[in-house]
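Good morning, and thank you for joining the group meeting. Please look at the sequence and the structure as they come up, and I shall then take you through several local features.

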Amino acid sequence: MAPALRLLARMLLVALGYYVGASIGFALKFPHVTPSVMWPPNAVLTTTLLLTRPRRWWIYILAVLPAHLAVELPVLSPASLALGLFATNCSEAMLAAGLLHWLSDQPSRFDTLRRMAFFVGAAAVVAPLVSTFPDAALVSALRGERYWSVWLTRFPSNVLSELTITPTLVMLITARYARLRTVPLRRFVEGAALVFALLAVAVVGFGGPPGGGMGWLWSVQTPFVLLLPCLLWSAVRFGPRGLSVCLLVTVLLAIRAGMLEVGVFTMPHREDGVLALQLFLTIVSVPLLCMASVMEERRRTSEALAERLAFEEMLSRLSNAFVHLPSSETDRALETWLERVAEHLKLDCLVLLEFSGTGDAFVARSWKAARPGPGLLMFASDDFPWAVAQLRREQTLNFTDPEELPMVAVGERAILRRHGVRSGTVLPLEAGGRVLGGLAVIGFAEAPAGQEQIESRLGLVGEVFASALARRETEDALRASEGMKSAILASLGSSVAVLDRKGTIIAVNDSWVKRTDEAAPTAASQTGVGDNYLAAWRQVGARVPHAREAVAGIEAVLERRRESFALAYPSSSSPKSRWFQLSAVPLESSEGGAVISQTDITDWKHAELEAQRSREELAHFTRVSAMGALAASLAHELNQPLTGILSNAQAARRFLQAKSPDLDEIRAILADIVADDKRAGEVIERLRELLRKGGSQPERLDLNGLVRDVVKLLGSDALIRNVQIHVVFTAEAPVVAGDRIQLQQVVLNLLVNAMDAMAECPRDERVVTMETTTIEPDGLASVSVRDAGIGFDPSKHDEIFEPFYTTKAQGMGMGLSISRSIVEAHEGRIWATKNAGPGATFRFTLPLAAPRAL
Amino acid sequence: MDVFGRMVEPPLICVVDDDLSILRALQRLLRSANYAVQTFPSAEAFLVSEYRPIAHCLVLDVHLAGLSGIELQEQLTASGGRTPVVFITAHDDAITRERARRVGAVEYLRKPFDDGALLGAVSRALARS
């Protein structure tokens, strides 16, 4: 129904009530007495105003005006009196309702002593008292009646009307008749018995001869004595509502008795009877109403307490259920408890939403009461984009009608309407600052009272659910991470053990368990979880040379003095020669400890040795090939002293054939022969050194001397090829640490290459310049070989150092490649640059050796 | 002395070699065969020496720093010299031998050589002149 139409209906209803009330008021008169015993229209108006916001009072006051005039104009004159009385009636209702709106937190409820007391004080005492003054003044002025007698008749009538009619009307209007369905039959039986008893007692109490009589039976106290048990019954068993209905019935019956001129209140002086009846009823009503409200208050308090206790108990069981629950059982427990919570809170439908991942997708578990209504709701994640976004922002959603949702939530509104949802509350479930999901209550009927309470309780339940979800998530993540770690550990070929702070093994991987004595021939072979790894090493210490080093290194790691420790050692007990690497790193935990790994590096070691051997063999081979190229030069180099020796010796023999040989000459000849012989020896020594296989130890070398030796070795070759070699030495001897033969080979290769590069040049241009320099700031020594030959293509700079790159017909292409590997093995660099003029310059640098300690 | 008993000047042999030890040994050997000997450590030294026009025979090393023995001989021939030459070398190869032959070498001796070979070559050279 449209709001305007509804308002109009209400206005009509109120006007009708007013009219009926006034008609009844006119009817409720003792014979021969002008004023009414009760004046219901005022109570009707008070009731209306109590149930209405003050802003809209004027609507209803206007609505009752026609009713008032319709009732009063025919019977009252002058007409101004009817209008005046309307004003005073309205003032009474407005005063009563206004005071109650101001004083009471719930002006339309009478279920606590406080509310009831405010009602009695404001509506039944102050408002009638105040409004009766102008009322009486009006009547006395316009009708000429005596002021105080008018006041005295109208005041009690107004009090009684407000006291008995207003609460009855209010409570009948606000009653929840739907609840009657759940009221057990015995309550109806009891109610019927009460009504019957009340009627019977009232008929007896208010009956009897006029003015009482028949000795003890009908005195003024009789109605009081007879009625009180029934009224108490109603107050105790049926609360303010039952009492007020009973009171109204009683009042009406009493007035009816007076109208029939029977009973004790039919006094000789009719006005006295009316007053006595009014006083009697007022005096009975006030304490009974107060008592009923106290009873109601206590009943409600104890109910709330019991309900609260039951909830607390359920909540604590709920929390306990999830405390020690394995994460695998969380799902089932959530479903079970969803049902229990919903049943406890008497909800229509309870839905637990669980976000999966960080997206908007969720998993919904719902429980729906087995009451008539739509079937089980099926929710899909993308049906509620707006609601999910709200949840993600930790916003609580609350609506008593899907139409209350904003326009953007058009999807939500449609789907909720389709499912017949009337109300809903969605609370975000958060744990650790993250929204994990939501808890939604869905109502298919009008929202019940106590919504805030249910919301706060859902909040508590939601916290338990949220922590259960969070815990499951954490446990799952932990299990996944544990699984991954153990899979990684198991997949390692190395034997891994975790040590505690004292060196005791607390965990090992599969490889550690599986290793055989042969594979791990040291301390590790005897150790397992619970053994002390350090102690095992100390035990073998006497037999194994590296045990002391291993113990010291592991201890240093355990004591956090070292960040890591590694040791490669040959096996001590296995028949075959095997190598192992032991490494230790600190364990990142508050307890301290270390992670030990033992790896069989035999194959690696063999490969390394193999590589070194092939490198040396290749170097040797290239040296031998270089020697082949030098053969002519060497022949020349050796032939020179041999020629000297031979010629000198033959000259000496000829001198000795003379009669008197010149002995001085012979001596000089012999000295020359000795010198030449030594010279030849040196040549052979240099040659042998060059052809020796590698494997020598690094030594301190003067690069100047090294270059000088090579130049000497190649001097004859240079002579034959008509190449001039200029050597420029740095003043201070550049000392490097390295292998003499290997470095000689580098210089030799560069020099031979330089000479080869100039084979086609005119003779005067065949100049090689060799230079040694030291670059002190960088700690480097360098050797450069500059030729004036054919040069090289700078774009092929990197290629020329690759193996098998050659421009020579007979070249193998290994020289520069070998040179580079030698220089790099000495932590140096080798490169080539194109000269500004013809030719190229090859240069290599080596780190200067640290000065020898004095 | 010649066949007439006159004291004759012995033939002058000039030796050019950059190896001083060999230079000394050859000087002794030739002296023991009664030749007059002058030695020079380089071709350039010989070219500027006073003995150049009066030498009866030259013993030249092929590989010399600077001007080589063969180049020296080419220069001498070019400037009209007729002095016979014996080449000696420690580095024997076909190209060098061929060049030596072309410039008119009497003999081409590979180091080390016997005294007989050198003295024979020198006497043949003297006979030619």
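Which residue of S4(A) does Phe399(A) stand opposite? Phe399(A) stands opposite Gly424(A). Before I build on that, a word on conventions. This is a predicted model, in which local features need pLDDT of at least 70, side-chain atom pairs count only at pLDDT 80 or more, and totals for chains, interfaces and linings use all residues. Residues are numbered from 1 along each chain as its sequence is written, while chains are lettered from A and ligands numbered from 1 in the order in which they are written.

Let me begin with the sheet. Helices (H or I, at least four residues) and strands (E, at least two) are DSSP runs, numbered from the N terminus. Two strands pair if DSSP finds at least two bridges between them. On that basis, chain A has an open sheet of five strands in the order S2-S1-S5-S4-S3, with antiparallel pairing. Strands S2 (362-368) and S3 (397-399) of chain A each have a single partner strand, so one side of each is left without a neighbour in the sheet. From one strand to the next, the twist averages 15°; axes here are lines fitted to C-alpha atoms, for helices over the stretch in contact, and angles run from 0 to 180 degrees between N-to-C directions.

The pair from my question can now be placed. S3(A) and strand S4 (residues 423-431) of chain A run antiparallel and are joined by three bridges. Leu397(A) stands opposite Val426(A) in S4(A). On burial, a residue is buried if 20 or more other C-beta atoms lie within 10 Å of its own, exposed if 12 or fewer, and partly exposed in between, with C-beta atoms placed from the backbone. S4(A) is mostly covered, seven of its nine residues being buried.

S4(A) also pairs with strand S5 (residues 434-443) of chain A, in the antiparallel sense and over nine bridges. Here Pro428(A) stands opposite Gly438(A) in S5(A). The hairpin of S4(A) and S5(A) has two residues between the strands, and in it Gly432(A) takes a positive phi near 60°.

Two further residues of chain A have a positive phi although neither is a glycine: Arg560(A), at about 65°, and Asn722(A), at about 60°. Arg560(A) lies in the loop between helix H16 (547-558) and strand S8 (565-570) of chain A. Arg560(A) counts as exposed because 11 other C-beta atoms lie within 10 Å. Asn722(A) is in the loop between helix H19 (703-720) and strand S12 (724-728) of chain A. With 18 C-beta neighbours inside 10 Å, Asn722(A) is partly exposed.

Next, a helical position. Ala124(A) belongs to helix H5 (residues 113-143) of chain A. Is Ala124(A) buried or exposed? Ala124(A) is buried, because 25 other C-beta atoms lie within 10 Å. Its C-alpha atom is separated by 7.8 Å from that of Asn158(A), 34 residues apart along the chain.

Finally, chain B. The contact takes 16 residues from chain B and 21 residues from chain A, two residues being in contact if their C-beta atoms, placed from the backbone, lie within 7 Å. On the chain B side, helix H1 (residues 20-32) of chain B gives the largest share, eight residues. Elsewhere in chain B, the peptide bond from Lys111(B) to Pro112(B) is cis, with omega near -10°.
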